[in-house]
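Dear colleague,

Here is the structure I promised to pass on, together with some notes on its pockets. Please read the notes with the coordinates open beside them.

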Amino acid sequence: MVKPGLPKLIATDLDGTLVRNDDTVSAYTHEVLDRVRAAGIRVVGATGRGPRLTTLTRNDIRDADFLVMAQGGWVLDQAESTYLLQSRLPGTTLERVLTDLEAEVGELSVMVEALEHDDAPLWGDYDPTWRYPVTVERRNRAECCTTDVIKAFARSFAYDVDDLLAVARRIVPPEVASVTQAGLNYVEICPANVDKGTGLAVVAEAVGVDPADVLVFGDMPNDLPMFAWAGWGRVAVGNAHAELRAVADDVTLTNDEDGVAVYLDRLLSR
């Protein structure tokens, strides 16, 4: 039984929010999340990471009951080791979106996530600006779009990522594909009507929790949909993007200062 005055479910983004800039999660953060679960509150990791990074994600948020991955397109029930949702974007649709974007902004560097097994390679153009270790299998655009994909990453040589996202939001209808950005200098192109809010709604329905009882943490525009969906509280970390801070109920410390854990520790201590 959850104590009165506490949320019934907390969902947190990982990179830039729960995970520090050195790609670690502190022992303190793990300990606080363990106490959150002990208090009867469900824990959900809500991340842009695709299923190819499931093992890494499990290690970063060991107490998660569910993982909402791939910007909301894949939802994993940890207890049952089963997916409640597995969304894919038709390759023909991706090709159309990329063509429309390039007509507006010029050539794009594109990497495609199509495979779901651990440490699967991305397809497309290797880009030295990519922040994390990655294996890229070089494929041309047509080869990348021959199958349904989990999502794609597109970087402009001429536009800042926020400006590229603004163009994508304007010209890509939501019923065709979802577009967002998560701080990697890439716009991410996902299946239509997929975002962290829709992914969390799948979890909430599965466990019988109302959005009004959900507390969320984030740092980037890809967290905006879950901020709009959750009703108990919306907390940005101190290093969050201005667009997210503008809609947050509260701002905690930065990810490097364990802002999520500090906030939850205080909440549990009320």
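Domain 1 (9–87 + 194–269) and domain 2 (91–190) each contribute at least three residues to the lining of the largest pocket, the domain bounds being taken from an automatic or database domain assignment. The model is a predicted one, in which local features need pLDDT of at least 70 and side-chain atom pairs count only at pLDDT 80 or more, while totals for chains, interfaces and linings use all residues. Residues are numbered from 1 along each chain as its sequence is written, and side-chain values use heavy atoms, with hydrogens and water left out.

A pocket here is an open set of points on a 1 Å grid over the protein atoms alone, where a 1.4 Å probe fits, with protein on both sides within 12 Å along at least five of seven lines, and lining residues have an atom within 4 Å of a point. The largest pocket holds about 720 Å³ of space, a volume being the space filled by probe spheres set on the points, which are joined across faces, edges and corners. Its lining comprises 38 residues, with Asp-15, Arg-49, Arg-131, Tyr-132 and Leu-184 nearest the centre. By class, 13 of the lining residues are nonpolar, 11 polar and 14 charged (Ala, Val, Leu, Ile, Met, Phe, Trp, Tyr, Cys and Pro count as nonpolar, Asp, Glu, Lys and Arg as charged, the others, Gly among them, as polar).

The second largest pocket, with about 260 Å³ of space, lies between domain 1 and domain 2, because both give residues to its lining. Of its 17 lining residues, Ser-178, Val-179, Thr-180, Val-194 and Asp-195 lie nearest the centre.

Best wishes
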